[in-house]
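Okay, thanks everyone, let me get the model up on the screen.

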Amino acid sequence: MLSEHYAVVSAVGFLLLIVSFVLMPKSQQRNLYHTLPSWVLFKSRDRCTASSKSPPRSISPEKKASADIPPPADYKDLFPPWRRDSLSVARKDKCLDIASEIPEFRVREGLIPFTVDFRTCNSPAATYTPMGISLAEVASLGDFTDYAELSGVPLPEPYLDFNIESALPRPYRPLRWSYHQTMSLNRLQTDWWLELEKSYVERIKERKELFDKNGTMVLDYLPGSELGCKEVMEMALQFLCARYPQYFSLSFSDDRGYVFHNGILHNETIIKRMHPLHVLLENVPEDFAVMIRNPDDGYYYFRAGVLCSSLGWSVKSKLGMQLKEIHNPIPDYKEKMEFSMDRYFSKLPTARPIQRGSWGLEIDTPLFMPPGDPHEKYREIQLPETDLPLSRIHLRVDWQTLRRLPLSGAIIFNFKALFTPVEDFRYEPYIPYLLLTILQHGKPSIMKYKSTWHVEHVVLPALQRWRKEQEESRMVPPDWEVGTLQEAPFFPGWEEQWRGRQGF
């Protein structure tokens, strides 16, 4: 009898739990779902049911599926985390009634089609973005809305000590050991999302010349990307005005609308007269790729971008591709990262932008190197040391950020290319030893992809000398066990060096 009593009590408790879950608002259901362990759920989080929209496994009969490769996932009904509670604060049209909750089924049924311009929809009140926001609500927010409130990412602190004449980028050294292929994501330091340096004027000029010469190889956009392009442009300009108020400002007038004033270039940009990506090209020396969620399958596709710093690819060669197609050339991506990255893109909140770095060794400082560029020939040979002094070899770091936009739900991949003469490593603790270890003992497939062989005959002897110097001077303990530095992506004492080189 006692066991029957406990069984009845357990059953009643379970039924009450189910009823509470069903009556719970949809947003709370989603949050609860993602916090529960997989054994509580009816469907395992790691083995999502595939649908007709899921990609095939493409495994040959001769090979068994790897235990490390999860099955294809169905993301069609999985929306990114919503922030509807921020709409009432950010809206400019206070007459529009904004509901705190929208049923998820209504959003699913009214999703804006993949290739439709948000400005041309006939039923804006019944058409939604993946963020659960109607196009009527988007319109009520107006231009240059409060993206800090909408996204949960505050505007940066003013950088009043900044001087464009002497500014240097922070010395990013994204070197890790043991070295294996992962995305190596870290939370973004939001004050440093867009980082200017003394080469600003020269770099803007170079990027505009690249567009004049290459056109859609560096800047292009597909239908359906309009809202995402508008959002990232407005967020970038708001950031510059908040971070560098001594150089940038926005104004508004009835006849010209919003105008961006650039005190470094001594010009102004009338926003409504050009496409948002061209506004970025004219004012922000960084690259932006706009990834849009396709409502037909829930995956993300590259639909627009201004990319003047790509190596071995271009906007034209990747535009329209799904995330996994873009990363096809990367070693181990399919086996180790594809599933994780698709899932990460589907769940990334607006309030948690991330940062990471990739690196390589280059002769000189090539910014844009599309397939077939003459500079690629350097990677196929080892020049005689008489023709390749150490001073010509640079560490190239592509410092990257990833963030979700709060209205369109688009994910923005943005990066800047930074070049450092390898000769600087002589005075940076641990860096020669760490880079030497990676070049000598890194996984062959990854090192081949990085294409460092063409300079190793010059770089390796220098790194060996500097490693010995640092050990003899006790800059590095002789018994140091090589590993990723605690200060990564920097090195011990980096900030003092960096500030000193800028004169403060």
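So, Leu439. Leaving aside anything up to four places away in sequence, Leu439 touches Trp359, Leu361, Met447, Thr452, Glu456, Val459, Leu460 and Leu463. Bear in mind that this is a predicted model.

Leu439 and Trp359 also turn up together in the largest nonpolar core, which has 108 residues. Both are among the residues with the most contacts inside that core, and the others are Leu196, Leu240, Phe248, Leu280 and Phe288. Which helix gives the most to this core? That's α8, with 10 residues. There's also a second, separate core of 18 residues, and Val315, Leu319, Ile330 and Met337 are included there.

Okay, α8 itself. Helix α8 covers residues 226–243, helix α9 covers 276–283, and their axes come within 8 Å, crossing at roughly 30°. Angles under 35 degrees count as roughly parallel, so that's what we call α8 and α9. The handedness of that crossing is left-handed.

Who's touching whom? From α8 you've got Cys229, Lys230, Val232, Met233, Ala236, Leu237 and Leu240, and from α9 it's Pro276, Leu277, Val279, Leu280 and Asn283. Sorted by class, that's 10 nonpolar residues, one polar and one charged.

Zooming out to finish: the chain has 16 helices and 10 strands. It runs to 504 residues, 50% of which count as buried. And taking contacts between residues at least 6 apart in sequence, 74% join residues at least 24 apart.

Notes
Residues are numbered from 1 along each chain as its sequence is written. This is a predicted model: local features need pLDDT of at least 70, side-chain atom pairs count only at pLDDT 80 or more; totals for chains, interfaces and linings use all residues. Side-chain values use heavy atoms; hydrogens and water are left out. Axes are lines fitted to C-alpha atoms, for helices over the stretch in contact, and angles run from 0 to 180 degrees between N-to-C directions. Helices (H or I, at least four residues) and strands (E, at least two) are DSSP runs, numbered from the N terminus. Angles under 35 degrees count as roughly parallel, over 145 as roughly antiparallel, 65 to 115 as roughly perpendicular and the rest as oblique. A crossing is left-handed if the near helix is turned anticlockwise from the far one by less than a right angle, and right-handed if clockwise. Contact means heavy atoms within 4.5 Å. Ala, Val, Leu, Ile, Met, Phe, Trp, Tyr, Cys and Pro count as nonpolar, Asp, Glu, Lys and Arg as charged, and the others, Gly among them, as polar. A nonpolar core is a set of buried Ala, Val, Leu, Ile, Met, Phe, Trp, Tyr and Cys residues joined through side-chain atoms within 4.5 Å. Buried means under 20% relative accessible area, exposed over 50%, partly exposed in between (1.4 Å probe, protein chains only).
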